[in-house]
Amino acid sequence: MTSMGAPSASRATGVKILASVGLVTLVCGFVLKSSMKAGAEYYKHVDEVTSNIDAWRGKRLQVHGNVVDGSIEQAKGTLLYRFKIESRPPRPPAVMAATYTGLVPDTFKSGAEVVAKGSLTADNQLSVVPDGIMAKCPSKYEADKQQKPGVAQKM
C-alpha cells in the first residue's frame, strides 16, 4: 500500500520544482527586459539614422560611419569639435553633422572610420557624449594588401 502513495508524493514534488523553476525564469526575464530597456543604445549606420531621423531623436545612439574629409573644425582655444560623418559604399550615401567636447583619439582624423555615441538634437545633429568617440586604428595589414606579391617588407 505504501508503494501506491509514493508516486503521488513524487509527482507533487515534481510539480512544485517545475513551478519554482518556471517562476524564477519569469522573474529573471522580467528583470532583464526592464533593465535593458532603460539603458538601451542603438548601433546604427549614418544612412539608417538619416533615413528616419524623427524615430531616433532623443534616443541614445551609437552611429557608425567615416569622418568626411576636411570636415573637422575645432573652436580656437577649446576642446569643442564639429565634424561630419558619412556612410560609404556598400551602404547608401548619407551625411550627418556631429558636435563633441573633449579629447579626441589620436586616430580621429579625416576619413577615419568612427563610432560616435550620443543623441540627436532638435536640429538633427549628433551630440556626442564625453569619451563617446571611438576611431578605428589603421591596421598594419592594410599596407600588406597593397604590396606586390613576393616583395618582403622591412621591419
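Two strands are taken to pair if DSSP finds at least two bridges between them, and strands (E, at least two residues) and helices (H or I, at least four) are DSSP runs numbered from the N terminus. In strand 5, the bridge partner of I85 is M96. The model is predicted, so that local features need pLDDT of at least 70 and side-chain atom pairs count only at pLDDT 80 or more, while totals for chains, interfaces and linings use all residues. Residues are numbered from 1 along each chain as its sequence is written, and side-chain values use heavy atoms, with hydrogens and water left out.

**Overall architecture and confidence**

- The protein has 4 helices and 7 strands, which follow the pattern α-β-α-α-β-β-β-β-β-β-α when read along the sequence.
- The mean pLDDT (the predictor's confidence in each residue, from 0 to 100) is 81, and 77% of the residues reach 70 or more.
- Confidence is highest in strand 5, at a mean of 96, and lowest in helix 4 (residues 140–146), at 49.
- Over residues 144–155 the pLDDT is below 50, and beyond near neighbours in sequence this stretch has 3 contacts in the model, a contact meaning heavy atoms within 4.5 Å.
- Of the contacts with a separation of 6 or more, 50% are accounted for by residues 24 or more positions apart.
- Of the 155 residues, 25% count as buried, where buried means under 20% relative accessible area, exposed over 50% and partly exposed in between (1.4 Å probe, protein chains only).
- The protein exposes about 11100 Å², of which carbon and sulfur atoms supply 61%; accessible areas come from the Shrake-Rupley method with a 1.4 Å probe, and for residues only the protein chains shown count as cover.

- Strand 4 (80–87) and strand 5 (residues 94–101) pair in the antiparallel sense over 8 bridges, and they form a hairpin with 6 residues between them.
- Strand 6 (residues 113–120) is joined to strand 7 by 6 bridges in an antiparallel arrangement, in which V115 stands opposite M134.
- Strand 6 and strand 7 likewise form a hairpin, with 5 residues between them.
- Strand 5 and strand 7 (residues 126–135) run parallel and are joined by 2 bridges, with A98 standing opposite L126.

- A nonpolar core is a set of buried Ala, Val, Leu, Ile, Met, Phe, Trp, Tyr and Cys residues joined through side-chain atoms within 4.5 Å; the largest one here has 23 residues, of which F83, I85, M96, L120, L126 and V128 touch the most other members.
- Two or more residues of this core come from each of helix 2 (46–51), helix 3 (53–56), strand 2, strand 4, strand 5, strand 6 and strand 7.
- Leaving aside neighbours within four places in sequence, I85 is in contact with residues including V46, V68, M96, A98, A116 and L126.

- N66, found in strand 2 (residues 61–67), is buried, with a relative accessible area of 13%.
- The side chain of N66 reaches the backbone oxygen of G111 at 3.3 Å, a polar contact being a pair of N or O atoms within 3.5 Å, where within protein one must be able to donate a hydrogen and the other to accept it, and residues adjacent in sequence count only if both atoms are side-chain atoms.
- Not counting residues up to four places away in sequence, N66 touches K84, I85, E86, R88, G111, A112 and E113.

**Backbone features and loops**

- Most residues other than glycine have a negative phi, and most peptide bonds are trans.
- N124, in the loop between strand 6 and strand 7, has a positive phi of about 65° although it is not a glycine, and with a relative accessible area of 30% N124 is partly exposed.
- D131, found in strand 7, has a positive phi of about 60° although it is not a glycine, and counts as exposed at 69% relative accessibility.
- The peptide bond from P89 to P90 is cis, with omega near 15°, and P90 is found in the loop between strand 4 and strand 5.
- G58, in the loop between helix 3 and strand 2, is exposed, with a relative accessible area of 63%; G58 and T121 are 63 residues apart in sequence and 7.3 Å apart in space, C-alpha to C-alpha.
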